[in-house]
Amino acid sequence: MPPDHVGLLIASFIIALASWFGLFQLITTALPRIAPELWIFFFLLQLAVTSTAVPIVRFFNVRLTSIMHDVPPSGVIVRQSVWIGLFVVIIAWLQIPRELSLPLALFVALVFIVVEVFLRSRELAAERD
């Protein structure tokens, strides 16, 4: 396990605990208003989902990387986890005015997947040169 992955996992665990606790406190104590509570909710949701996704994304990156290649750096794992967090926030945002549908959710997921494949393929091509 690379040393930067150890620090990443420790940091994501701490952030996950703090953000899930903050989200719990916000949902149970605050009244649903539009201005500050909504933005705090989305911020905490982004942090919570992203930091929770870090170990899962790392597991899949390590598991699916061939033996002949290096494990992706922690920056790639963080970026992919941020995509997951952003997807959940967009889905939650679209649910507020009841505009969310399955085709729209699949389209948003497809956009994120295409962008990540493009970015990762450029990184891999730059590493080979």
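**Helix H4.** I began with the length of H4 in this predicted model, and at 1.5 Å a residue its 27 residues should span 39 Å, which agrees with the 39 Å that I find between its end C-alpha atoms. I then looked up which of its residues are buried, and noted Ala105, Val108, Phe112, Glu116 and Arg120. These buried residues of H4 pack against helix H3, which runs over 74-95.

**Largest pocket.** I next turned to the largest pocket, which holds about 340 Å³ of space. I find 13 residues in its lining, and those closest to the centre are Thr65, His69, Asp70, Arg120 and Leu124. Two elements, helix H2 (36-64) and helix H4 (102-128), each give two or more residues to this lining, and H4 gives the most, with four residues.

**Nonpolar cores.** Which residues make up the largest nonpolar core? I listed seven, namely Leu23, Leu38, Phe42, Leu44, Leu45, Val49 and Val89, and the largest share of this core, five residues, comes from H2. I also looked up Leu44 by itself and, leaving aside its neighbours within four places in sequence, found it in contact with Ser19, Gly22 and Leu23. A second, separate core has five residues, among them Ala53, Val54, Val57 and Ile77.

Terms used
Residues are numbered from 1 along each chain as its sequence is written. This is a predicted model: local features need pLDDT of at least 70, side-chain atom pairs count only at pLDDT 80 or more; totals for chains, interfaces and linings use all residues. Side-chain values use heavy atoms; hydrogens and water are left out. On a 1 Å grid over the protein atoms alone, a cavity is a set of points where a 1.4 Å probe fits but cannot get out, and a pocket is an open set with protein on both sides within 12 Å along at least five of seven lines; lining residues have an atom within 4 Å of a point. Grid points are joined across faces, edges and corners, and a volume is the space filled by probe spheres set on the points. A nonpolar core is a set of buried Ala, Val, Leu, Ile, Met, Phe, Trp, Tyr and Cys residues joined through side-chain atoms within 4.5 Å. Buried means under 20% relative accessible area, exposed over 50%, partly exposed in between (1.4 Å probe, protein chains only). Contact means heavy atoms within 4.5 Å. The expected span of a helix is 1.5 Å times one less than its number of residues.
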